[in-house]
Structure formats: structure tokens, C-alpha cells
Amino acid sequence: MKNTVTFETSTVPIKGWSRQKVISELKKRLKKDLSFSSRRIVGSMCTRAHPFAQALYCQNMEKNLGDPGLFEGTAQIESEVIKMLGTMLGYSNTVGNVVSGGTEANIVALWAIRNFTSNPHKNEIIISKSAHFSFDKAANLLNLKLIKISHNDHFQIDIKKVKKTITNKTLAIIGIAGTSDLGVVDPIPELSRIALEHNLHLHVDASFGGFVLPFINKTDKSEVPAFDFRLAGVSSITLDPHKMGLATIPAGVILFRNPELMKKIQMKVDYLAGGKSPQTLLGTRPGASAIVVWSLLKHLGINGYGKIVQNCMALTDYFVQEVEKIGSISVVCKPTLNIVGIKSNIVRTADLSIALRQKGWAISQFPNHIRIVIMPHIKLSHLCMLIKDLKEIIRVFNKEKREYATSFK
Ligand code: PLP
């Protein structure tokens, strides 16, 4: 590829560049990036942030929640976000933080849970094999042991195996409300009962599902899986505004039911310009993220988020129907959320992935399927083009297969 970078790349210039020169050099480099407004990104859990969020983020970039005494208004906004989301998820007295995303929230949750126990031998976390790798990072950082449980026929954590795995070393169970690979929701009501029975923490990773499940419109409410604080055993929840919440990156949220859990990870910092204040994992952290989440919750409201989610779910249903019509390709399971796994019985997943990428689609490849995430930036016309390309790919592979077979006749 032609190297378009004309200026020195590895040194800080002695004499600074003009803004114009900086912008023109940036343009050359950023041309390589994909954009959510192109049709191409169909495998990501992120999306183009709401325009209101983008503007608010830019206006509030100096707000630092690491020194809340200086930014009392922003600190109040953060606590209102925690209350609003807690209430939305069934418990209005939650405590927590706006954090950088699902990874930080999951690490913080396990950190608090680990510090809360007085028994140092309790270090095992029961978790589904489909859990996000942020838990591997958390376990590594916190010296915890993950006991990974295989899934049932519906790709959910196997409850029988969970029960069998509990020992006196078990510290917590993790339930997932929207797995990274297929958007599956674990049987959280059953995990909640088990957690209560054995006096264990139950952390729910609703990084993706947290901004989808509350807005799914089903006449029969029992079709929407329960996952939140309405279940008495749920002790903490991760949810990510920078996924289906349409917030600017970075924006994640950790919610705790019991304030004592959060106290276990709070450290008082004495020297801050705004006065003494407790911090958790990060020091300096973007207040703009909390402001954006607060504003989107107030601006879109339940109805606004409802419309967005229902549109994504309708497109998901459409996509599933059309995939099933192609032949030689199918969905891995009926989607609960706006995430679809597709696989073929004639094309290996790796080859399907290469073929789709060659046609310009940024899909997500898992060992046995391709993941398509129908985020709010995806339009019906994009899905029609994707279906057309899938048909073409399958036609070519079928033709090759036939030619290969006849060559032996
Ligand atoms: N949990 C789940 C279920 C996820 O799918 C992801 C990311 O895709 C995360 C956690 C981590 O989120 P982040 O990338 O915001 O750190």
C-alpha cells in the first residue's frame, strides 16, 4: 500500500506544526478508520453516539470526577445517573459509579466482592464459558479463580453444573444478560435462588443487555428474561451506556445493591484541590461521561430508548427470516437480543468470515459462528445488501463444491 504519511512519524517536532498541517496529517491517517455511518460495521457492540451526546461530551471535557469537590454539580449528576439506572433495574437505593465500560465495571464488581469477604479461602467464581474475557482479566488482577461452566442446549450457563460446582471456596456467581457471542441471557432467576440459598454474591454482567432488555416490547412480559435487582439474589450489575445506551465512549456503569460492598473499595484521598474525597479504581475520570448518560436518559426517556430497541429488534427478526431462506446457512439460536449468530453447513466459519470481509463487511468471528450485531446505526438497506452478499457467497461455495464433486466422477 502507498505510504501517504509524509511528515516525520517518530519524533516530536522542535517547532510545532500549524493547526492546518496537523489536521491535514490527521486526515491522512484517520482515512484508514471505518465509520459507523458507513454500511460496513455489522459486528460491533458500539455505535455512533447520539448527536446530543457528542455535543455535550465536547462541552464538558474539563469535568473531572476524580476530584468531585471541584465539580460538585457533575458529582451530583453521577449519583442521579446511578439512582435512575438503579430504579430502572428495580432498586432505587443503588450505589455505584459511571466507569469507562464493561471491563472496568466487571473488575470493580469482583474487587468489591473479594474485599467484602472475611474468609481468604473463598476465592472461586462460578461463571459461564461464554463470559466476556474481562472476567479473566479481573481474576488475574485479583488473584481469583474462575470456574468455567459449559452451557446447556440454549447456550446458557448450565444450572445443574453450577449447583454441583459450589464448594466452601465459592465466593460468587456471575450471570450474563447478553453474552458477547450470541446475546444469550443466563437463567438469572435460578442463579438468584442459588445465590440466596448458599449466601453467595451474584454479579450480573448486563453490559449489552442492560440497555436492551428493559425496552423490549412483548405483549407477554414473561418472554423478556428477568435479570435485574427485582431478583433478590442479584447483588451488583454492570451495564454499558456506550453500547446500546448511545453514549459517547467511554461510558460504563457499575451498580451495587449494598453500599457496604462499594465501601470496601473506596479509598479516601486527602490532598485533592476540591477537598478529601473517596475514589475507587480510577483517579481522574471523565465527568463528561456521566453528564452524557444523565442527559440521554432524560432526553430519550423510556419511550425514546423503547423506539430504538424495538427498531433494532424488528430488524433482527427480519434478518433472521432472510438468513433462514438462503439455504446452507442458518442462525445458531433464536436471538433474545439484537445479536445474531450465523453458521453454514457448507462453508467453514473462517472462510465465511474471509468472504464477508472481502466484500467489505466488518463482522465478528467466533470459533463456530459469525456474529452480527444489529446496532442503531444499521439500516434495513444495509441488511438487504448483507443478505445479497451472503446469498452470493453461498452460491459460489455451492458451485465450487459441485465442481469438486463432479471432478471425481
Ligand atoms: N461484558 C460483555 C458481555 C461484553 O460483551 C463486553 C464487551 O463487548 C464487555 C463486558 C466489556 O465491555 P467494554 O469493552 O466496554 O470494556
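The model is a predicted one.

Around the ligand stand 14 residues, of which Thr 103, Ser 180, Asp 205, His 242 and Lys 243 come nearest. By class, this shell is made up of ten polar residues, three charged ones and one nonpolar residue. Among the elements of secondary structure, helix α4, which spans residues 102-116, gives the most to the shell, contributing three residues.

In the side chain of Thr 103, an N or O atom is placed 2.5 Å from an oxygen atom of the ligand. An oxygen atom of the ligand also lies 2.8 Å from a polar side-chain atom of His 242.

Attention can now turn to the space inside the protein. One cavity of 30 Å³ or more is present in the structure, and the largest cavity holds about 60 Å³ of space. Its lining brings together Leu 65, Val 98, Val 99, Ser 100 and Glu 104 with Leu 282, Arg 285, Pro 286 and Ser 289. Sorted by class, the lining of the largest cavity comprises five nonpolar, two polar and two charged residues, while the shell around the ligand has one nonpolar, ten polar and three charged residues.

Methods
Residues numbered from 1 in each chain as written. Predicted model: local features only at pLDDT ≥ 70, side-chain atom pairs only at ≥ 80, totals over all residues. Heavy atoms only, no water. Near = heavy atom within 4 Å. Polar contact = N/O pair within 3.5 Å; in protein donor to acceptor, adjacent residues only side chain to side chain. Helix = DSSP H or I, 4+ residues; strand = E, 2+ residues; numbered from the N terminus. Nonpolar A, V, L, I, M, F, W, Y, C, P; charged D, E, K, R; others polar. 1 Å grid on protein atoms, 1.4 Å probe; cavity = no way out; pocket = protein on both sides within 12 Å on 5 of 7 lines; lining within 4 Å. Points joined across faces, edges and corners; volume = space filled by probe spheres on them.
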